[in-house]
Amino acid sequence: PDRRLRVGYVSPNFSRHSVGYFIEPVIASHDRTAYEIHCYYTNREADDTTARIEASAERWRHVHGMSDDALARLIAEDRIDVLVDLAGHTSLGRLPVFARKPAPVQLTWLGYPDTTGVSAIDYRVTDRTADPAGAEARHTERLLRIPGVFLCYQPPFDAPAVTLRETAPEDVVFCSFNLLEKVNAPTIGMWARILRELPGSRLLMKAELLRHDPTAQRVRESFAAHGIDESRIELVTWVEDRAAHLDLYGRADIALDTFPYNGTTTTCEAMWMGVPVVTLAGEAHMSRVGATLLTAAGLGDLVAQSPEAYVDAAVRLSRDPERRRALRSSLRTRLRASPLLDHAGFTRKLEASVRGAWREWCEAQDSYR
């Protein structure tokens, strides 16, 4: 039960991807006296993040194109004790490998905000805010709740400095840089209510799909249906340069989270760039990630429990320029001191949970003797 464990991570996203920002600090922070780290990379593409993660792992396997049977055999031959899925039902995920049970203990984490439905996966890593009591009913996995927050964040190394802003309430700029797929009719309705409460305010939206003119026009028409003139909605498409993308936060005062599918990387990026985020908490994990991130950052008062409270929180913050100014200048420092950036502390908690799962498996084997 207490020996050095071989932990294998399987992912197509050991790169400049949302998952990369959260797994890189963990791979680098693992206690190598107690854990031997193996990475199975299922993607063809590689970048600077890939290189850093590969350098941190004790064994790196580039397995893109390998069949499910072959990959399962390789993992078994590597004698992995605990195998961790980081993709779920997303592109290049390898759940059929996990269904073959190549490791005694199997977990899913980070890359997919729901149950996998794969009975061979024993646990899903989460926390008590993202998945409170009763969430077990929606999972085939057991919930392995990390104390505090279920992840830690590595800010981009090339992030520009925070741009300080002095904006009167009537000139506040809201923003959303979430995937457009997350922006639905109820979300637009809430955002329009906020804009109506603050007649001089504007909304800056950035999403790759906005490069299509018909899509952009449909977004404008959705706001127009709520009485919001298109001159108050600025639409920006994908920016290739990451620093330029982050620099866009310098033009915004408050970020508005999507619902029911909250942002994760976008929420962390906004806060790192000095922009506070207002979120609406729902019932399922995907609609509670905003709550867990903001709570960890000490911004629990910006977590709303109803659409009305969401609108009120955004309007109230807009009308408090002193607080916005203070958050703008202190959010990055606040994040550095928060559990979200305590890479070593989080990794110790994750390791304790993994060790507990391994001990349970060992005890189960002993019970059969």
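**Close-up views of a predicted model**

**View 1. Buried residues of helix α1.** In α1, the buried residues are V19, G20, Y21, F22, I23, E24, P25, V26, I27 and S29. The model shown here and in the views below is predicted. Helix α1 covers residues 18-29, and with 10 of its 12 residues buried, the helix is mostly covered.

**View 2. Crossing of α1 and α12.** The axes of these two helices cross at roughly 80 degrees and come within 9 Å. An angle of 65 to 115 degrees counts as roughly perpendicular, and α1 and α12 are therefore roughly perpendicular to each other. On the α1 side, the contact is made by P25, V26 and S29. Sorted by class, the contact of α1 with α12 has five nonpolar, three polar and two charged residues.

**View 3. Nonpolar cores.** The largest nonpolar core has 106 residues. Within this core, the members that touch the most others are Y9, I23, W109 and F223. Another core, of 16 residues, lies apart from the largest one and includes L71, L74, V97 and V118. In soluble globular proteins, nonpolar side chains tend to be buried together. I23 of the largest core is also one of the buried residues of α1.

View 4. F259 and P260 are joined by a cis peptide bond, with omega at about 5 degrees. P260 sits in the loop that runs between β11 (254-256) and α8.

View 5. Most residues other than glycine have a negative phi. R79 is not a glycine, yet has a positive phi of about 55 degrees. The loop holding R79 is between α3 (68-77) and β4 (82-85). R79 has a relative accessible area of 56% and is exposed, the cut-off for exposed being over 50%. L110, likewise not a glycine, has a positive phi of about 75 degrees. The loop holding L110 is between β5 (105-108) and β6 (123-126).

Definitions and conventions
Residues are numbered from 1 along each chain as its sequence is written. This is a predicted model: local features need pLDDT of at least 70, side-chain atom pairs count only at pLDDT 80 or more; totals for chains, interfaces and linings use all residues. Side-chain values use heavy atoms; hydrogens and water are left out. A nonpolar core is a set of buried Ala, Val, Leu, Ile, Met, Phe, Trp, Tyr and Cys residues joined through side-chain atoms within 4.5 Å. Buried means under 20% relative accessible area, exposed over 50%, partly exposed in between (1.4 Å probe, protein chains only). Helices (H or I, at least four residues) and strands (E, at least two) are DSSP runs, numbered from the N terminus. Axes are lines fitted to C-alpha atoms, for helices over the stretch in contact, and angles run from 0 to 180 degrees between N-to-C directions. Angles under 35 degrees count as roughly parallel, over 145 as roughly antiparallel, 65 to 115 as roughly perpendicular and the rest as oblique. Contact means heavy atoms within 4.5 Å. Ala, Val, Leu, Ile, Met, Phe, Trp, Tyr, Cys and Pro count as nonpolar, Asp, Glu, Lys and Arg as charged, and the others, Gly among them, as polar.
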